[in-house]
Amino acid sequence: MLDQALTRLEEAARHLQLDGDVLEKLKYPRETTKTRLMIRMDDGSRKSFMAWRCRYDDTRGPTKGGIRFHPEATMDEVETLAFWMTFKCAVMNLPYGGGKGAVQVDPHTLSKAELERLSRAYMQAFSHIIGPDRDIPAPDVYTNSMIMGWMADEYASIVGRVSPAVITGKPIALGGSLGRDDATARGGFYLLRHLETELGLSRGATVAIQGFGNAGTHMARLLAGAGYRIVAVSDSRGGIHAPSGLDVERLIAAKRNGSLKTLAGAGIRTIEGEAITAVECDVLVPAALENLIHEGNAAAVRARVIVELANGPITPEADTILERKGVAVLPDILANAGGVTVSYFEWVQNRQGLYWTAEEIHSRLRAVMENEGRSVWDLARQRRIGVRTAAYVHALSRLAEAIEAHGTQQFFTS
Ligand code: NAD
C-alpha cells in the first residue's frame, strides 16, 4: 500500500521544482514502533494483539493521526495511513506532521471491560512516543470517543498530570470539542456544497454511501438535510438500494437494530459487496475502508462525482480509469480533512483552556474547507491536472518549504 501511495508523491513532485532532499525525507516513515499488547480476558485467560504506532513525518509539527482497531490491520496499512495524514495536515495548513496507529483486533468480539483494558494497554505501550507536542492520536475505524477517553485517562496516570491535549476526539466531559463527532462528514459536506456549481450538482442530486459508521451516517444526514436524495447505503453486512430515495433516520434505526438490510422490501432491494460502486447516482461517497474502487470495477462506476470520506478508497489504476471517464474525485487528503481540522481545534482549545461554541467550530471549519478546497480546485484548473494531484502539489509545496526552512544541518530528533 505504501508503495502505491508513494506514486501520488512522485506524480506531484513532477509538477514542482524540488530539491532531492525533500523526496528522500518524505519517501520513508520516520519511525514505526510495533509491540504485542497482552491483556487479561474476562474469563481469566490472557490474549495478545499486534499493535503499531507510526510517526511518518514531523517536519511541520507534532505527528497527528487516528488509532484503528481492525482484524486486518497491518504495519503497511498503518504507515500508508500515516503518509496520507502527513499530506492531509499540509493540505489544510495545520501545524502537524502525520502519524497513525492500529491494533489488529476485531473489537466487536471484546466485552466493554476487555476493550478498556486493550485501550489502556495501547497507551501504556506507546506513551513514550505519544505526547501533546510529539504525537497526538484520535479515533479512526472502530475506535471512538469512549476509547479516546480511556486512553487520555491512562496517559494522565502515566505522566502524573491531566493532559487533555494528548489525544483528540475525547468525550466533551474530558475536554473534547463540540462538533468533533460529525467533523469528517461536515468537512466533506462543506467542500461539496462549495464546489456544487463547478461539479454541476443541483438540489435533488442522488447519492450512494459505502460505510455507515461515523463518517457515512453523518454525511447521509447532512446531505439529506440539504436536499440530496440518498439512494443507496451499505456497511460491512451488505446494503440496500432504492432509486426513489431512502429515509436517513430509518437507516440509522435499522443499523442500530442489526442490519440495513432489514429495510429491504417494496422498492428497496438488497446489494452485496462492491455492488454499491455501480449504482446509478450523481455522487458516490466511499466512507469505509481502502481500495474499494480498483482496476476491476472502476469502469462500471456511474457516479459523476466521488467524495472520498474514507482514506485511500481508490487505487491509482482506478484513478486513471475514472479520470478518463470524466468522474470528478474530491480526494481523501482534502475531502475527509474535516476530522483532523476539528481535532486541531480541540487541541488548541485544550491548550488555551477556553472552549468554543458549536457555531464557532462550524464556521471555522467551513472557512478552512472552502479556502483550501478553492486553492486546490483552482490549482487543478490552472495546471490542467486532476484534483488529487493538485491536492498533493498544494501539500508538497508546503512540506518542501518547511523541510528547507529547517536547514541543511538538521540533527534535532524529536
Ligand atoms: P467507523 O468505524 O465509524 O465506520 C466504518 C463503517 O464502515 C462501518 O459502518 C462498517 O460497517 C463499514 N464497513 C467496514 N467494512 C466494510 C465493507 N467491506 N463494505 C461496506 N462497509 C464496510 O469508521 P469511520 O470513522 O466512519 O471511518 C470510515 C473511513 O473514514 C475510514 O477510511 C477512516 O480512515 C476515514 N476517516 C475517518 C475519520 C474520523 O474522524 N472518524 C477522519 C478521516 C477519515
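Reader: Leaving aside neighbours within four places in sequence, which residues is phenylalanine 87 in contact with?
Author: Phenylalanine 87 touches Leu9, Leu26, Ile333, Tyr392, Ala395, Leu396 and Leu399. Contact means heavy atoms within 4.5 Å.
Reader: How far can I trust that?
Author: This is a predicted model: local features need pLDDT of at least 70, side-chain atom pairs count only at pLDDT 80 or more, and totals for chains, interfaces and linings use all residues. Residues are numbered from 1 along each chain as its sequence is written, and side-chain values use heavy atoms, leaving out hydrogens and water.
Reader: Which members of the largest nonpolar core touch the most others?
Author: Phe83, Phe87 and Val307, out of 99 residues. Domain 1 (28-174) and domain 2 (183-335) both contribute residues, so this core lies between them. The bounds come from an automatic or database domain assignment.
Reader: What counts as a nonpolar core?
Author: Buried Ala, Val, Leu, Ile, Met, Phe, Trp, Tyr and Cys residues joined through side-chain atoms within 4.5 Å. Buried is under 20% relative accessible area, exposed over 50%, partly exposed in between (1.4 Å probe, protein chains only).
Reader: New topic. Is strand 6 mostly covered or uncovered?
Author: Mostly covered. In strand 6 (residues 206-210), five of five residues are buried. Strands (E, at least two residues) and helices (H or I, at least four) are DSSP runs, numbered from the N terminus.
Reader: What stands opposite valine 207 in strand 7?
Author: Isoleucine 230. Strand 6 and strand 7 (residues 229-235) pair in the parallel sense over five bridges. Pairing takes at least two DSSP bridges.
Reader: And in strand 10, what is the bridge partner of valine 207?
Author: Valine 283.
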